[in-house]
Amino acid sequence: MAELRENLARLQAACDNPRTQLDYYLKQGKKVVGCFAPYTPEELVHASGMIPMGLWGGQTEFQKVTAYLPAFACPIMQANMEFALNGVYEGLSAVIIPAICDTLRCMTQNWRFGVPSIPMVPIVYPQNRTSPASVDYLISEFETVLTILSTVTGQMMNEKALCRTIEIYNEHNAAMREFAQIANDHLDVVTPKVRHTVFKSAFFFEKEEHTAIVKEITAALKEQPVHNWTGKKIILTGIAFEPDEVLDILAEYELAVVGDDLAHESRQYRTDTPVTGGGGLKRLALQWNARKGCSLIHELDKPRGKMLARMCQDTGAQGVLTGLMKFCDPEEYDLPFLENDLRQAGVHCTTVSIDQQSSSVEQLRTRIQSFAELI
Amino acid sequence: MSEPVVNPGTEQTAPPPKPKRPKPKSMLMIGEQTAALFENARLAKERGEKVGWSASIFPQEIAETLGLNVLYPENHAAGIAARHQADPFLQECEGALGYSNDLCAYAKLNLAYAAVLNDESEIELPDGGKMVKPDFLLLTNNICNQLTKWYENLARQMNIPVFFIDTCYNPSDYVTETRVRYVRAQIDQLIKDLCAFTGKTWDEERFKEVMKISQRNSYLWERANGLLDHKPAPIGGFELFNYMSAMVCNRGKTSTTAIMEQLNAEMEENIRLGKSTFPVEEEFRVSWDGIACWPYLSHNLRTLKKYGINMVASSYGKAWAIEYDDLDGMARAYCFASTNGDNATTMIGRRLEALKRFDCEGTIYHVNRSCKVMDCQMMEVQRQLSEQAGVPFTSFDGDQADYRNYSEAQFETRIQGLVEVMKQNKEAKSNG
């Protein structure tokens with residue numbers, strides 16, 4: 001139990017102060033590349049011998065960013081830009097920005113001119129994934145990323161390194177999925193906040209290191225008797241569910257998170273890279289084409305509602321809570337269908353607005369309380 | 001922002017309305033062409049043929065070659081907004097349909113309209129449903145990513161297929177060859193799939209013919225835009241917005257060639273006579289950045305007219321001047337058509353060229369609440385462009401279709417501010 005607490009505390013410390021993690025790696029002489037939300041080819045950074053670190057916003061006051069983005073821009077992007085303009089990210093060798101939504105298209109350009117001290121590497125993922133040509137196109141995007149990365153960092157990868165990286169990432173995916181599953185037997189220990197910490201911390205550690213810590217946590221949980229959770233169980237969906245204060249409200253109303261479809265959390269880990277089927281870059285492209293149920297990736301039939309209803313069945317969850325990231329248009333388009341499909345499947349659902357800044361958290365309390373009573 | 005309040009006490013003494021200027025022939029032709037577009041779609045539907053809805057910068061030449069009837073939701077939504085008929089659609093979309101008010105107002109209007117066609121809503125259609133229910137959708141994302149989501153939703157709502165060309169954002173200053181290959185492969189597949197779905201046959205000769213017409217139309221459209229470089233400009237720049245439907249919806253048609261030739265002739269005639277349709281003396285020449293603020297077009301115009309400001313360059317309308325001469329060229333051209341799909345360097349380069357060519361003295365930026373892809377890099381573009389061109393700018397909050405996102409007072413104040421700076425610059429210039 002002591003080891004479990006220590007491991008969880010270590011992950012919490014990294015989430016509370018990612019800058020310390022960055023400095024720790026820099027002191028070791030390692031190069032770190034910032035990876036913008038929601039998807040970047042982290043594997044290319046890792047295979048080049050560098051450390052990918054996630055940039056998913058955070059709590060800050062929006063001041064300098066107002067010279068770049070309007071108030072109705074995605075709060076994650078506003079926070080990333082504010083941090084960058086304040087020098088919080090100094091030390092990063094580069095950032096990778098996926099132009100996956102309209103705001104992110106613009107972020108590639110805002111960064112390019114606003115933060116000249118940290119080179120920007122753009123990537124444009126294909127959206128017409130039923131087209132066989134999307135694979136070759138994405139491989140060429142990966143190659144462009146690699147070329148720019150090697151130019152600005154001086155570090156290159158080889159095929160052997162990439163294949164090993166893919167194994168490491170698949171192992172990490174599996175470790176995260178296993179944690180999520182085992183956690184549901186220990187909802188007394190794995191509170192919504194603890195669960196979130198385990199997922200979020202993945203963006204601040206070397207992958208192998210994080211896998212090892214998560215495996216230890218899972219093993220420690222397995223050693224404990226199964227806890228009989230008497231509160232309610234829910235699934236979270238959305239881009240991210242933060243800050244911690246919102247998760248504390250869930251705990252307050254005895255709502256346990258038994259699964260998630262958050263871009264920040266499980267969406268990252270539910271699709272492995274195929275172990276066969278070509279070179280590393282091709283297999284990474286095939287992984288992209290196999291991703292399902294994400295608002296940021298074009299897919300017909302709007303499958304998220306049905307997917308979430310199945311997740312409720314599988315986990316025994318009584319409801320779905322959507323954390324709608326403020327001004328996130330891809331999620332806003334999904335929401336009406338998602339809610340209708342859930343209701344038709346007899347699953348309770350409620351939406352709360354998320355903007356990462358703690359000032360608005362108390363406004364969510366009433367909605368969460370009503371949701372808790374409803375289910 | 002509400003419409004100006006009429007004071008009942010002044011009604012009887014108000015001067016009689018000024019007689020309206022007769023519409024030029026080219027405008028009458030546009031009216032006929034638009035009516036024919038909707039009527040042909042209705043008749044096709046009656047005959048049991050499949051009718052499509054299309055994104056506005058989809059390669060229209062494909063549908064034209066196949067002889068398909070296609071309608072344009074963005075263009076249609078702009079029309080509804082301009083006629084001040086948007087409110088019930090916006091209310092329905094944000095109410096019963098459950099969409100966020102943060103979304104693009106064109107999408108909101110159209111999703112609500114589609115709900116009526118799909119028997120999910122009972123709001124009255126002010127145009128009697130002339131935007132007939134589609135059997136398929138034609139999608140490109142060169143304008144924005146919201147279109148992709150909007151069309152995903154339409155497809156699910158009406159259970160119809162989407163034929164999609166992913167044109168990819170260009171972070172580079174050019175369209176990479178790998179993008180051209182990807183887009184070209186999608187075009188080839190789309191033509192096959194569309195033929196299979198509609199039962200039509202691809203005729204290469206017909207395509208070449210349509211491409212030729214489309215190129216001629218693009219040339220004439222570009223030329224008409226270019227004629228605004230005369231001083232004074234032969235027409236009020238806002239008038240060109242009226243002709244956009246010809247380029248958006250009918251780019252591959254000979255009827256557009258006739259309209260564009262007529263428009264060019266009318267503009268040349270004005271130049272020859274030293275006349276302009278701009279109703280007051282052209283004191284200042286400006287460029288307009290962003291989509292028209294359709295719900296308040298007349299207020300925009302009135303305010304600009306008050307100061308003698310003619311909008312002679314627009315970044316928007318020229319997106320439909322698409323030039324190419326084969327399918328590879330088409331792939332490249334549609335990736336590079338809209339500056340929304342291009343990086344800031346390309347965007348700034350195109351605007352700088354326009355500011356110089358049209359001798360603009362200022363720029364007006366429409367901070368269009370519907371359009372994050374335009375707004376989220378606008379500030380950086382403003383800074384760089386103003387510095388490079390030495391031209392002042394102002395911006396105002398508005399929306400392409402949501403009348404709630406505009407303040408007449410703000411627009412007037414901002415324009416007044418811009419005029420003061422332009423006046424000072426003018427005086428400084430004349431004083432050497």
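How many bridges join strand E5 (residues 232-238) of chain A to strand E7 (residues 319-325) of chain A? There are 5 bridges between E5(A) and E7(A), and the two strands run parallel.

## Basis of the model

This is a predicted model, in which local features need pLDDT of at least 70 and side-chain atom pairs count only at pLDDT 80 or more, while totals for chains, interfaces and linings use all residues. Residues are numbered from 1 along each chain as its sequence is written, and chains are lettered from A and ligands numbered from 1 in the order in which they are written.

## The sheet of chain A

In chain A, 4 strands make an open sheet with parallel pairing, in the order E6-E5-E7-E8 (strands, E, of at least two residues, and helices, H or I, of at least four, are DSSP runs numbered from the N terminus; two strands pair if DSSP finds at least two bridges between them). Strand E6 (255-262) and strand E8 (348-354) of chain A are the edge strands, each pairing on one side only, and the twist from one strand to the next averages 25°. Within E7(A), A:Gly319 is the bridge partner of A:Ile234.

Helix H13 (residues 329-344) of chain A lies across E5, E7 and E8 of chain A, and runs at about 170° to E7(A) (axes are lines fitted to C-alpha atoms, for helices over the stretch in contact, and angles run from 0 to 180 degrees between N-to-C directions).

## The contact between the chains

The contact takes 39 residues from chain A and 41 residues from chain B, where two residues are in contact if their C-beta atoms, placed from the backbone, lie within 7 Å. On the side of chain B that touches chain A, H6(B) gives the largest share, 8 residues.
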